[in-house]
Amino acid sequence: MAAFQIVQLDRTWKGRTRLFRYWTEGYLDIQMTERQGISQISFCTRLFPKPVEKELEVSWMQDFLHDPQLFAAVTEREELAGYLELNLERWNNRMRVTNLFVEEPFRGQGVGSALMAHAFSVAKNAGARMMVLETQSCNLPAIRFYQSQGYAIGGFDLFHYSNEDSQNHEVRIEMMRFL
């Protein structure tokens, strides 16, 4: 396991972009049924015929965020092992994890857990009532990781990214954790 420390990155990072990649073997399929005026929602894990690679370009500290904070896990050799971006949503007093990413060579070495522990500490110090984050229903590795960190699914949006999110198996999932 690589040794690393978590440092706050300054405003010179604003607007920089980073391409994130991950692989997933499946997705959460959202099942909705209505019977006798009762709506029921359930999630079922489904597998793709073969693992799928996904990528997303992220821009740090975007203008729509109130007061974004960007952190990095840095190794002893000054390599950036992972990133964490937080934003306190003042209107509802929730700390949002707007971005979390661990570089491929450092995955499985505790970097993500350390970054999430740091996020929890920052949120507590800010007096936030809970932490929230978004991921996609097809990002099973992230969903499993967040669940291991004490997060639970708190909602979803079937059409957040496009009108075909359900067909694309890429539905926005909101995950939450009380402080």
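What is the volume of the largest pocket? The largest pocket has a volume of about 1300 Å³. This is a predicted model, in which local features need pLDDT of at least 70, side-chain atom pairs count only at pLDDT 80 or more, and totals for chains, interfaces and linings use all residues. Residues are numbered from 1 along each chain as its sequence is written, and side-chain values use heavy atoms, with hydrogens and water left out.

## The pocket

A pocket here is an open set of points on a 1 Å grid over the protein atoms alone, with protein on both sides within 12 Å along at least five of seven lines; a 1.4 Å probe fits at the points, and lining residues have an atom within 4 Å of a point. Grid points are joined across faces, edges and corners, and the volume is the space filled by probe spheres set on them.

The lining of the largest pocket counts 46 residues. Closest to the pocket centre are L56, N99, L100, E134 and Y146. By class, the lining holds 18 nonpolar, 16 polar and 12 charged residues. Nonpolar covers Ala, Val, Leu, Ile, Met, Phe, Trp, Tyr, Cys and Pro; charged covers Asp, Glu, Lys and Arg; the others, Gly among them, are polar.

Which elements each supply at least two residues of this lining? They are β2, β3 (38-59), β5, β6, α1, β7, α2 and α3 (165-168). Strand β6 has the largest share, 7 residues. Helices (H or I, at least four residues) and strands (E, at least two) are DSSP runs, numbered from the N terminus.

## The nonpolar cores

A nonpolar core is a set of buried Ala, Val, Leu, Ile, Met, Phe, Trp, Tyr and Cys residues joined through side-chain atoms within 4.5 Å. The largest one has 31 residues. L84, L86, M95, V97, Y146 and Y151 have the most contacts inside this core. Two or more residues each come from β2 (17-35), β4 (69-75), β5 (80-89), β6 (94-102), α1 (111-126), β7 (130-136), α2 (140-148) and β9 (172-178). Helix α1 gives the most, 6 residues. Apart from this core lies another, of 11 residues, including W13, F20, Y83 and F101.

Take Y151 in the largest core. Beyond its neighbours within four places in sequence, Y151 is in contact (heavy atoms within 4.5 Å) with V97, M116, M131, L133, Y146, M175, M176 and R177.

T135 sits in strand β7. Not counting residues up to four places away in sequence, T135 touches A142, I143, Y146, Y161, V171, R172, I173 and M175.

## Aromatic pairs

The whole structure holds 8 aromatic pairs. Rings of Phe, Tyr and Trp (its six-membered ring) pair if their centres lie within 6.5 Å; planes under 30 degrees apart count as stacked, over 60 as edge-to-face and the rest as tilted. W60 and Y83 make a tilted pair, at 5.3 Å centre to centre and 35° between the planes. This pair links distant parts of the chain, 23 residues apart: W60 is in the loop between β3 and β4, and Y83 is in strand β5. W13, F20, W60, Y83 and F101 form one aromatic cluster.

## Burial, residue by residue

Buried means under 20% relative accessible area, exposed over 50%, and partly exposed in between (1.4 Å probe, protein chains only).

| Residue | Relative accessible area | Class |
|---|---|---|
| W60 | 2% | buried |
| Y83 | 6% | buried |
| T135 | 3% | buried |
| M61 | 2% | buried |
| H169 | 24% | partly exposed |
| A126 | 39% | partly exposed |
| T12 | 54% | exposed |

## Backbone and spacing

M61 is not a glycine, yet its phi is positive, about 55°. M61 lies in the loop between β3 and β4. H169, also a residue other than glycine, has a positive phi near 55°. Its place is the loop between α3 and β9.

A126 belongs to helix α1. Leaving aside neighbours within four places in sequence, A126 is in contact with L88 and M95. The C-alpha atoms of A126 and V102 are separated by 24 Å, with the two residues 24 apart along the chain.

T12 is in the loop between β1 (4-9) and β2. T12 and T135 are 123 residues apart along the chain, and their C-alpha atoms are separated by 26 Å.
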